[in-house]
Amino acid sequence: MKLLEAHSITKVYGALTALNGVDLTVRENEFHGLIGPNGSGKSTLLKCIAGAELPNAGTIGFLGADIGRAAPAERSRAGLSLKFQIASVLPELSVYDNILLALQAQDSLVRLLFSGSRRALDKQVTRTLAQFRLASRINDLAGVLSHGEQQWLEIAMALAGNPKLLLLDEPTAGMSAQERRATGELLAPIKQICSLLIVEHDLDFIKDICDSLTVLDQGQVVASGPTDEVQNSEKVREAYLSHA
Amino acid sequence: MKNDDRSSRPLSASRRRFLQRTSLLTGTIALGGGSYLYNPKGVWAADPIKVGIATDLTGAISWGGIPNSQVAKMVIDQINQSGGLLGRPLQMILEDTATNEQLAVTKVRKLVTQDKVDVVFGGITSSMRNAIKDTIVNRGKTLYIYPQLYEGKECTPYLFCTGPTPAQQCDTFIPWLIKNGGKKFYLPSADYVWPHTLNAYARNVIVKNGGEVIGEEYFPVDHNEYSATVNKIMSSGVNVVFNTTIPPGVAAFFKQLNEAGFQKKGGRLACVYYDENALGITPAHEIEGLASCLDYFKAVNDPFGNQLQAEYGKLFGDKLLFTAGSGATGMYRGIKLWEAAVKEAKSVKREPVAAALDHAKISDGPGGGCEMVPGTRHVKMNMFTAVSKGGKYEIVEKSNGPVMPGECA
Amino acid sequence: MSQSTDLSASSLPLRKVIPWLELAILGASLILPAFADDFWTLFLTRVFILGLLALSFDLVWGYAGILSFGQALFFGMAGYCTALIATKLDITSVLVLLPAAGLVGLIVSLILAFIVILGRRVPTTVFVALGTLTGSYVVERLARGWSYVGGQNGIPSLPRLTLGSHEIAEGVWFYYMALGMLVGVYVVLKFLTRSQLGLVLAGIRQHETRITFFGYRVQHVKGIIFALAGIIAGLAGGMYAFHEGYVGPGQLSPVLSTQVVLYVLFGGVGTLIGAVVGAGVIEYLSFMLSEQYQRLWPIFLGLLLLVIIMFRPTGLIGFLVSSRERIGSFGRPGDAAPAHEADKNPP
């Protein structure tokens, strides 16, 4: 079942064409990688899908509905969640409060005012923290976490609303090999409940966890399909080599 | 801050001596940088009558507030030197209203609630008067005397006004202007209450005397581009420019008007708030022939006024002069009229004093004596028309006896 | 104008200072009229009302990150409207006028919110500051020029507020009424800022754009908070006019709006009690300094404010309260998890 269908996405910044007629499809229970050399438009595409940018042309369908013009908050409520490239945890709040903030987002304002879900969400917060190996940091301010821990917290927050599709923008950037391995382990189990569209530079990481790949070069799709096929494609190798 | 000064209990001998020494000191220091409480010099048997002075010592209106406070100090000292009032000395409590209405209310509240003064003199701008009058008169149940020239229509009970009103500034002045300028008037004005109300009154007097108002325009007080107005004035044969623009815009206006040749072509510039302090705003040649109408000018040269000027100059120098535009003459008048009323009522309680003040008169003052018009709480006084020649005022007309204020009839 | 935080104090506070401070101030305020003379009772009543105005600013800036230089606009407009009702329609009942004041604050703040704050794009802090400042400036200019509302002179000699046939004179009665309103609003704001909604506000002021991606309709929240602050400022404005006995253009001017900003910055932004303390301390210092130093007092006051804001950006409260306590935690009802000592060092 198709979860996300992006057709002919074009995004222009002045003289620079970042995306030129890009198509992308993500299915249910699929981990889809988005790779390509620097400046190929990967992040831009992700931002258009998440709602951080509006494309100049093209349509974006999510679960059958057109979300091309929807605000980020609406896309989030529809089941689309974004983890930012730069860790955007809330540094002055505790780890607990960061997760709570993410979890309570669907509450109405009145419910929030009367703290209706505080007790109910407590278990969920602790469970999430445990799942993402942050249990020991529960009361620390998010600003003092290590870089890797902040990335995990971000992923945890992005998953908090039980999204159907999680968009990850370079989740392992700046991580050590150990942390990267841990990230892969953290992500693997969520395939039952959530699809992933992940932008990454680390090809090994992508190969390990993704079922399918889309390769972008200079704003256009060069190859798209199951990971094995795409990996061995000539075009892909050329694209990477020419930008070496 | 000397906390023991604030009590109204009879003073012990040692305290009196202490106060005597310190007040001698404060009496000789010019106002500023010292205590706000001016104690009577010498030894007195009875406790003082408290006089509250609330005026703008800082802020945009300090040019008026400082002379006001200085005159008050001078007059109160004079009264004390001649034996006080009802055998009691006057104690002056000065508060700075800082050209800030909100701060002023708290200061005035202190005067009536904490210091419990027997009378308040003060306020210069109408907005200040309106801000503080309720606290003094209604809530503080205290007498309030307002000394400055203003737009009239202040009829609050227990509030007495001792400065000139539009009637006093126009009734004799405008006929003179028509005779010594011409029939065609233009009214360039600052955009706030006083000019609007004054112009309305002036217009009636102009028309009644056969004159004509060619134009009436309002500008923000800091406006400095008047070429359109000046052109209109020059091209429609206006004889008299009855100006109520005020600083800072007035300097630009007078300069542009002068440069267009208004005075050279025989035009007359008139401005009723222009006193000796204002003469310095622009170079003398730009205001040559400017006519003003106030309750006093130094050039009136009356012996009483001259003596006051000399004493004032000795005490306070010549930086901020004793003039009518700053309300200093109104302050003098107000305190002396109040003194007369207290003497008649033999009390400082509000009711009897207000009743006596209603018809109080003084025979001497700057520009002559004056008298309250019963039932109106306004003063009838002599008015003088003066013309600026070479940067100095020359009196050209004196009113034929006191002019009626025409308010609250 | 960022709000600084000392992240090195990352463990839970051992002891909360603010509740003690609140209790002390409340206690002192309740019994003060018995000991102070009339003047100080009146002085403090005015401080309570200005403190209420300061709370409205702390709510929008300290909690929702909206740098509004227009709080005096709601304050002054409510003052003018209630003054007009009282003088033209002869209605002086406090049960009509105070709700009317709040309503005026609500309506004007919603209008200003639509113009300056809401919209598709998130406005920058500077834009909001300038926009609200302009609003305040424009309305003051209009009020100064409109003779129906008295122009520069404003509307003087306002009657007293009444409750039934009884007049609420300034003095003890008004003191307790103002204190009651201040405490009531304070409690409501405390409840709000400690609730889960308060957590959303913390998110908005730290990273507004990011939390829209969780699904928060941030514009709605900001609009509601701004409107609530407008109501509070309006209530304060209504009380102020009748306590001082007049309403003038100075009560909706940018000067007063800026004064309010100073009260809160000086006292300690984002703590609620800081706003009240700041208002009280600055008003007291203004008064005492102007009594002592006739010509120079504005300079002294300005220097003092400058020094505090430069060296203690967290304000007076910052001397007593850790940043951790200021921001607070919104988590478990029990809130008793021990601090993890070993991980205190930043990476």
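Of the 409 residues in chain B of this predicted model, buried residues make up 55%. Chain B contains 12 helices and 16 strands. Its radius of gyration is 22 Å, close to the 22 Å that the globule rule gives for 409 residues, so chain B is as compact as a globular protein of that length. The C-alpha trace of chain B spans about 75 × 40 × 40 Å along its principal axes.

Chain A was described in the same terms. Buried residues come to 49% of its 244 residues. Its secondary structure consists of 10 helices and 10 strands. The globule rule gives 18 Å for 244 residues, and the radius of gyration of chain A is 18 Å, so this chain is as compact as a globular protein of that length. Along the principal axes, the C-alpha trace of chain A spans about 55 × 40 × 35 Å. Among contacts in chain A with a separation of 6 or more, 66% are between residues 24 or more positions apart.

Contacts between chains were examined next. There are 2 pairs of chains that touch, and the pair with the most contacts is A and C. Chain A and chain B do not touch. Their nearest C-alpha atoms are 37 Å apart. Between chains A and C, 41 residues of chain A are in contact with 36 residues of chain C. On the side of chain A that touches chain C, the elements giving two or more residues are α2 (72–78), α3 (95–103), α4 (109–113) and α5 (118–131) of chain A. The most come from α3(A), with 5 residues.

The largest nonpolar core has 294 residues. Within this core, A:I99 and C:A54 have the most contacts. Helix α2 of chain C, residues 38–63, gives the most to the core, with 16 residues. The core draws at least three residues from domain 1 (3–164 + 303–380) of chain B, and at least three from domain 2 (167–299 + 384–398) of that chain. The surroundings of A:I99 can be listed in chain A. Leaving aside residues up to four places away in sequence, A:I99 touches A:V125, A:T128, A:L129, A:A156, A:M157 and A:A160.

The buried residues of α5(C) are C:V128, C:A129, C:T132, C:G135, C:S136, C:V139, C:E140, C:A143 and C:R144. They cover an arc of only 160° around the axis, which puts them on the same side of α5(C). An α-helix has 3.6 residues a turn, so residues three or four places apart point the same way. The partners of the buried residues of α5(C) lie in chain C: they pack against α3 (71–88), α4 (94–117) and α9 (254–267). The face of α5(C) turned away from the buried side carries the exposed residues C:V126, C:V138 and C:L142.

In chain B, a cis peptide bond joins B:P247 and B:P248, with omega about 0°. B:P248 is found in the loop between β9 (240–242) and α9 (249–259) of chain B. Positive phi values were recorded for B:Y158 and C:S157. For B:Y158, a residue other than glycine, phi is near 65°. The loop between β5 (143–146) and β6 (159–161) of chain B holds B:Y158. B:Y158 has 19 other C-beta atoms within 10 Å and is partly exposed. A residue counts as buried at 20 or more such atoms. For C:S157, phi is about 50°, although C:S157 is not a glycine. C:S157 is found in the loop between α5 and β1 (161–163) of chain C. C:S157 is also partly exposed, with 15 other C-beta atoms within 10 Å.

Terms used
Residues numbered from 1 in each chain as written. Chains lettered and ligands numbered in written order. Predicted model: local features only at pLDDT ≥ 70, side-chain atom pairs only at ≥ 80, totals over all residues. Buried ≥ 20, exposed ≤ 12 C-beta atoms within 10 Å, placed from the backbone. Helix = DSSP H or I, 4+ residues; strand = E, 2+ residues; numbered from the N terminus. Arc of directions from axis to C-beta. Contact = placed C-beta atoms within 7 Å. Rg over C-alpha atoms; globule rule 2.2 N^0.38 Å. Core = buried A, V, L, I, M, F, W, Y, C linked by C-beta atoms within 7 Å. Domains from an automatic or database assignment.
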